[in-house]
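Here's a quick tour of one protein model, written for someone new to reading structures.

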Amino acid sequence: MLKYLVILLDDTSVSFCHYRNDKEVRRLIPYDDLKSAIIWAMKENLMVQFVYPNYTLPIEYVELIDTIDHVDIAENDFDADVLIVNGFDSISTSGISPDLPFVLRITAKEFFDNVDRLSEFSALTIVFTDMEDWGDDTLDKYKTALGKLSRNVSLRISSGESSRVNLVMDRMQLSSMNNCGAGDESITFAPDGQFYICPAFYLNGEPPVGTLEKGVDIPNAQLYKRSYAPICRNCDAYNCKRCIWLNKLKTHEVNTPGREQCVMAHLERNESRRLLESLKSDGIYKTIASIPEIDYLDPFEKL
């Protein structure tokens, strides 16, 4: 059941997930389409998420957006509900306070090179921009880097400082899957006036799945539901992104993650388990349920 409508305000709107947006030619969504999409969302009782480009919108657009409760997703805008920062070096150039929540989109190399500094932030969400290129060598390095990150986080929290990084802390706060949801819980409305599974599907030329006039009509819609994914529905790596776009890119099946996503999620799960046990030994987070130990990284190995 749909819960969210993501509205791309321009072809150059910032990416907030794994996909890249290399478009440079502006294509602002027509005002009438934006108004109709907002009315459609109201009728469908959906929460609207507006994804902004890196330029100031016309005042009439701003006023229209403010007619509905919504979430703003924007790059380098400290007033946004979801602040996006692209590249580790942009943290310092943007002047972001360590206490400000933000999404950091970086490559694996940026993560490895700067892992010692990532525990300094109070509410950091890391998203990787090169997941489709990861292999076993990258995953091996990732395991080592995650261990270093969780030790740094543990030291800061145990000493009374604030530190939260999604990669090693999300799993300990979850009791069920918290995945992508594109095509099931969310749908995207693009500047061309049509619906798409998610922004990545639109930006990479995938076919639309509806219009405002006809509504949303997703072929084989059940495949976007976790209950139709035999591996995922029984998995307890609740922190897994389970990115639908990456699924299709790597396996050509929207409900089947590639090995890299599975192993990555389980490495994070296992490091979260170790971090939680370390904090509990220091008398912290004692009420949070322990994470069971497992003997695999790829669920397909257990089939």
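Let's begin with what surrounds the largest cavity: its lining divides into 9 nonpolar, 2 polar and 1 charged residues. In that sorting, Ala, Val, Leu, Ile, Met, Phe, Trp, Tyr, Cys and Pro count as nonpolar, Asp, Glu, Lys and Arg as charged, and the others, Gly among them, as polar. Before going further, keep in mind that this is a predicted model, where local features need pLDDT of at least 70, side-chain atom pairs count only at pLDDT 80 or more, and totals for chains, interfaces and linings use all residues. Also, residues are numbered from 1 along each chain as its sequence is written, and side-chain values use heavy atoms, with hydrogens and water left out.

So who sits around that largest cavity? Among its lining residues are Met177, Asn179, Cys232, Cys235, Cys240, Cys262 and Pro299. A cavity, on a 1 Å grid over the protein atoms alone, is a set of points where a 1.4 Å probe fits but cannot get out; a pocket is an open set with protein on both sides within 12 Å along at least five of seven lines; and lining residues have an atom within 4 Å of a point. Grid points are joined across faces, edges and corners, and a volume is the space filled by probe spheres set on the points. The structure holds 3 cavities of 30 Å³ or more.

| Space | Volume |
|---|---|
| Largest cavity | about 80 Å³ |
| Second largest cavity | about 60 Å³ |
| Largest pocket | about 1100 Å³ |

Which residues lie nearest the centre of the largest pocket? They are Phe16, Asn178, Asn179, Cys180 and Lys241, out of 38 lining residues. Elements that each supply at least two residues of this lining include β1 (4–8), β3 (70–75), α6 and α7 (199–203). By class, the pocket lining has 24 nonpolar, 9 polar and 5 charged residues.

Now for the helices. Helices (H or I, at least four residues) and strands (E, at least two) are DSSP runs, numbered from the N terminus. Helix α6 (residues 166–173) packs against helix α9 (residues 259–281) at an angle of about 75°, with the axes 8 Å apart. Axes are lines fitted to C-alpha atoms, for helices over the stretch in contact, and angles run from 0 to 180 degrees between N-to-C directions. The pair is therefore roughly perpendicular (65 to 115 degrees; under 35 is roughly parallel, over 145 roughly antiparallel and the rest oblique). This contact has 6 nonpolar, 1 polar and 4 charged residues.

Helix α5 (residues 136–158) also meets α6: their axes come within 9 Å and cross at roughly 70°. That makes α5 roughly perpendicular to α6. In contact here (heavy atoms within 4.5 Å) are Leu167, Val168 and Met169 of α6, with α5 residues including Tyr142, Leu146 and Ile157. This contact divides into 8 nonpolar, 1 polar and no charged residues.
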